[in-house]
Amino acid sequence: MSVRYSFGGDDHIFVEIEEQMSLDAFFKSLSITNSVRESQIGGVTEICPANASYQIKFNPDIIKPRDLLLELKKLEQDAESSKQQLKTRVVDVPVLYNDPWTHETLMRFRERHQDPSGTDLDYAARINGFDSIGSFIEAHAESPWFVTMVGFVAGLPFMYQMVDRDRQIEVPKYLRPRTDTPKLTVGYGGCFSCIYSVRGAGGYQMFGITPMPIYDPDQRISYLREFMVFFHPGDIVKFRPIDRETYDEYLNQVESNAYEPKIKDFDFSLDDFYSDRDQYNRNIGEALNGD
């Protein structure tokens, strides 16, 4: 990996781990930013990990840009030699695929889509070689996903599929962005899945919707009272297809503040994952569903 450093004005350093997304690049970015946080380098004010890069904001009156650059390069060397392990959590995310709300929205914006004659799911299934929408949904929900970045809009997670590259789902964004996307839409663009944390404009393909809130600026939802954003980089997501009846049941729980996400702690090893990805993914599912 050839790491590239660049300065943004006199108070930011942007670090590109790799031009293309990979789990190795993500792990290196996460390892370095975790080390920056743990090292408590004087003058660092913000740490922003991303898919295959990260950015640091700092106070140049406390630490000189070149001095911070040297610190980051030392942490880069440590990340190269460290084991690729991560204490994280696995999160169950229920999804009503092919729901009526995203369907109504996508039909309003067909002139902005690559295939105006079908739906987003039709298009995604066809260009990825699936013979039906059902088999495509199964593939989307079967494998776990790493949350590699949270942002763009507050609380929105970008998620990278944990399978061999030749098995990854890839779907381009709309030709022109929509002016509307329902809140909590499960979307897809490029090689990334996401969950729209708020209603608004968007260009990702729309596959379904989850009843599970992931962002609450008022912090009234029980599991978001300590922090308004649910996801953080390093989380592992397992999508779970649900029917309309279950969706409505969960929505009632959310409205009565009784809904609690299913979460399990997990020690992830990148080396073990690479040794047998399919079996390791099954282990993740078993950890989530076990007692």
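Predicted model: local features only at pLDDT ≥ 70, side-chain atom pairs only at ≥ 80, totals over all residues.
On the side of domain 1 that touches domain 2, the largest share comes from helix α1 (residues 23-39), with 5 residues.

The two domains cover residues 4-82 (domain 1) and 87-289 (domain 2) of the protein chain. Their C-alpha centres lie 28 Å apart. Domain 1 supplies 10 residues to the contact, and domain 2 supplies 14 residues. Together the domains bury about 1,200 Å² between them. Carbon and sulfur atoms account for 72% of this area. Within domain 1, the residues that lose the most area to domain 2 are M21, L23 and N51. These three together make up 47% of what the domain 1 side buries.

Disulfides were searched for over the whole structure, and 0 were found. Such a bond would require two cysteine sulfur atoms within 2.5 Å. The sulfur of C48 has its closest cysteine sulfur in C194, at 16 Å, so the separation is too far for a bond. C191 is likewise in no disulfide. For C191, the nearest cysteine sulfur is that of C194, 12 Å away. C48 is partly exposed, with a relative accessible area of 40%. C191 is buried, at a relative accessible area of 17%.

Notes: Residues numbered from 1 in each chain as written. Heavy atoms only, no water. Buried < 20%, exposed > 50% of the residue type's maximum accessible area, 1.4 Å probe, protein only. Domains from an automatic or database assignment. Contact = heavy atoms within 4.5 Å. Buried area = accessible area lost by both parts, 1.4 Å probe. Helix = DSSP H or I, 4+ residues; strand = E, 2+ residues; numbered from the N terminus.
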